[in-house]
Structure formats: C-alpha cells, structure tokens
Amino acid sequence: MEGFAPKASSYASQWDWFFFVLVTVSSIVVATVFVAIVHFSIRYRRGVNARREPVSETFSNRLEFSWTAGTALAFLAIFWWAAAFQLRDFVPPEGALQIHVIGKQWMWKIQQPNGVREIDEIHAPIGRPVQLIMTSEDVIHSMFLPALRLKQDVLPGRYTYLWFNADKPGVYHLFCAEFCGTSHSRMTGRFVLMTPTEYSRWSAAQPEADNLARQGQALFSSLGCSGCHSKSSSVPAPDLHGVFGNPVQLSDGRSIIADEAYIHDSIVLPEKDIVAGFAPIMPSFAGQVSEEQIIKLVAYIRSLSTERHP
Ligand code: HEC
Ligand SMILES: [Cu+2]
C-alpha cells in the first residue's frame with residue numbers, strides 16, 4: 001500500500017489495507033446499485049410500453065438465500081476485521097514506555113517518563129511499545145498521529161490512552177483533530193521517532209530531567225499530603241504503599257482498581273470514592289494542583305507500589 005501518507009508502523013500499513021478493502025467493497029456495492037437504477041429507469045421510463053412479465057418460474061429460493069447470506073457474511077467479516085483492530089488498541093503490552101500528554105488551548109504539553117518536558121513535540125523510541133496517557137486542562141481535544149493512523153479524543157477530567165509500536169524513525173506530524181477554539185488549526189506539532197539509542201541520548205541531554213516520581217514526592221510533602229498520609233500522622237488516612245494497581249474497597253461496597261484515573265480523582269474529587277473504614281476528611285485539591293502536578297503525584301504513588309520503600 002504505497003501512495004498514502006507516510007507510515008511509521010506496521011499497524012499503519014495494516015490499517016491502510018483495511019481502508020482499501022473497505023472502500024473497494026463499498027464501491028462495488030454502490031456501483032452495482034447505481035447500474036441497476038440507471039438500467040431500470042431507462043428500461044421502464046415513462047411512455048415505454050413495458051411488457052408485463054409474468055412472475056418468473058425460475059424464481060429460486062436458493063439464489064435469494066445465498067446472495068443475502070453471502071453479502072451478510074462479507075460485511076460481518078469486515079466487522080470482525082475492524083473489531084480485531086479496535087480491540088488491539090485497548091490493551092497495551094506490558095512494560096510500555098509511558099509518556100504523558102496534556103491538551104490545552106492551544107498547545108500540547110508532554111512529560112517524558114524521566115521528567116523531561118516538551119511543548120508541541122513528542123519524542124519517542126521505535127521498536128518498543130509506547131503508551132500515551134492523555135488528559136485536557138480545558139476543552140475536548142484530539143490527538144491525531146497520521147503516520148501511525150492513530151487518533152484519540154483527549155478529555156478534561158479523564159484519562160484516555162493510545163499506544164503504538166513504531167518501526168520507522170523520522171519526523172512526522174501531530175495534530176489536534178477536534179475543533180477546540182480560535183487557534184485550533186495551530187494546535188499542531190512534531191512527532192519525532194528515534195532509535196532507542198538516539199532516544200536515550202536525546203532524553204539524557206535535556207535540561208530539568210528529573211525522575212517524575214521524585215518530583216511527585218517533593219510535591220507530596222509541599223502540598224501537605226504527607227501530613228495525613230504518613231505513618232507518623234495522627235490523622236487516620238490510608239497508607240498509599242501498594243495501593244496503585246490493586247483493588248481498593250470503598251465505603252459504599254464497591255471495589256475499584258486504583259489506576260491513574262482513580263488516583264487523579266482521589267486528589268481533585270476526594271468525595272467521589274471514599275476508602276472503606278476512613279472518614280471523608282480529605283480536602284479537594286481541585287484548582288490547587290495542575291494536571292502536570294497530578295501526573296507527578298500519580299507517578300510517586302505508583303512508585304510506592306512498584307519499588308521497595310523502607
Ligand atoms: C486532611 C488529611 C488528608 C490530606 C491533606 C490528604 N489526604 Fe488523601 N486521604 C485522606 C483520607 C482520610 C483518605 C481516605 C478517605 C477517602 O478516600 O477520601 C484519603 C484518600 C486518599 C487516596 C486514596 C487512597 C486509597 O487507599 O485508595 C489517595 C490516592 C490520596 N488520598 C492521595 C492524597 C494526595 C496526593 C494528597 C495531597 C495532594 C492527599 N491525599 C492529601 C486524607 C488526606
Ligand atoms: Cu485542540
């Protein structure tokens with residue numbers, strides 16, 4: 001499938017095939033119907049004394065059934081193909097490199113896993129799965145990476161995800177694909193794919209590279225979280241070690257897996273999910289912490305589950 005926009009992953013080529021087949025099959029159907037319409041409108045046009053043909057004796061149930069079933073199966077096959085594609089988009093492989101993306105009128109703010117920040121540029125390595133964890137600070141945006149044939153809405157107050165495994169280094173486009181206000185059309189950027197060595201060299205050379213979790217730990221004390229969430233605290237608040245990635249029992253009987261979205265909401269909407277056995281005394285930090293700070297706090301809380309902490 002050459003002749004389309006540049007491709008940076010095998011997924012993109014497969015997608016082009018899917019698109020090509022879908023367009024071809026649809027065109028055949030459209031052309032058939034169109035020819036039939038033209039044929040019948042000429043043959044039975046006004047003024048023509050069309051013969052009334054007796055109902056054909058050769059009417060065949062078998063023919064009717066087989067063409068109906070045949071087309072239905074063909075389209076079900078297309079559906080199955082598309083569904084398989086979409087399902088693949090849901091679950092990133094283990095160990096994906098996580099890059100955070102924040103949409104904002106009218107720019108993309110990026111945080112690399114090592115704390116490097118970028119504006120309107122995403123640098124990513126090829127040859128390994130990369131996951132984008134995205135949210136918006138204001139309205140709905142949409143992350144569009146044409147070279148990967150990937151697009152995902154970016155919503156305020158929610159995390160959405162994209163993942164890819166690219167195989168061709170290069171500089172590609174990055175667009176906002178959701179009309180988000182006056183300067184929407186300028187909400188574009190560069191999507192830079194590099195070999196793993198280039199990528200690590202690049203990220204090591206950036207200023208202010210500091211571990212996200214470490215920055216989160218600093219925020220955790222400066223915002224006063226540690227005042228309640230620490231062993232020495234007199235306020236009964238849950239210990240955050242081992243929370244991330246595990247089920248949490250809530251006071252209303254629900255049980256929920258503590259993912260990014262759960263931690264995010266614990267910070268800005270603490271009354272939404274109350275941990276069983278605790279009083280709803282945690283203040284909301286909505287308006288006091290930015291989405292960027294929340295990313296760091298989440299990274300810190302995640303590190304409490306993945307690393308050994310004394
Ligand atoms: C006034 C004390 C207090 C402060 C300050 C506080 N929390 Fe909490 N936090 C609690 C209590 C009590 C709960 C349990 C009840 C609930 O779920 O709201 C809790 C729950 C949580 C949970 C869910 C824990 C679980 O086991 O599922 C997270 C995550 C969390 N807090 C993070 C933070 C962060 C991050 C900060 C700082 C920005 C913070 N908290 C500040 C008291 C506090
Ligand atoms: Cu936008």
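Start by selecting ligand 1: it is surrounded by 25 residues, each with a heavy atom within 4 Å of it. The closest are Cys225, Cys228, His229, Tyr262 and Met282. You are looking at a predicted model, in which local features need pLDDT of at least 70 and side-chain atom pairs pLDDT 80 or more, while totals for chains, interfaces and linings use all residues. Residues are numbered from 1 along each chain as its sequence is written, chains are lettered from A and ligands numbered from 1 in the order written, and side-chain values use heavy atoms, without hydrogens and water.

Next, show the polar contacts (pairs of N or O atoms within 3.5 Å). A polar side-chain atom of Tyr262 sits 2.5 Å from an oxygen atom of the ligand, and one of His229 lies 2.8 Å from a ligand nitrogen atom. At Asp273, pick the backbone: a polar atom there is 3.3 Å from an oxygen atom of ligand 1.

Now colour by helix (DSSP runs of H or I, at least four residues). Which helix gives the largest share of the shell around ligand 1? That is α6, with four residues.

Move on to the largest nonpolar core, which has 37 residues. Such a core joins buried Ala, Val, Leu, Ile, Met, Phe, Trp, Tyr and Cys residues through side-chain atoms within 4.5 Å, buried meaning under 20% relative accessible area (1.4 Å probe, protein chains only). Select Leu132, Met143, Phe164 and Phe191, the residues with the most contacts inside this core.

Finally, find another core, apart from that one, with 23 residues, including Phe220 and Phe285.

Notes
Buried means under 20% relative accessible area, exposed over 50%, partly exposed in between (1.4 Å probe, protein chains only). A polar contact is a pair of N or O atoms within 3.5 Å; within protein, one must be able to donate a hydrogen and the other to accept it, and residues adjacent in sequence count only if both atoms are side-chain atoms. Helices (H or I, at least four residues) and strands (E, at least two) are DSSP runs, numbered from the N terminus.
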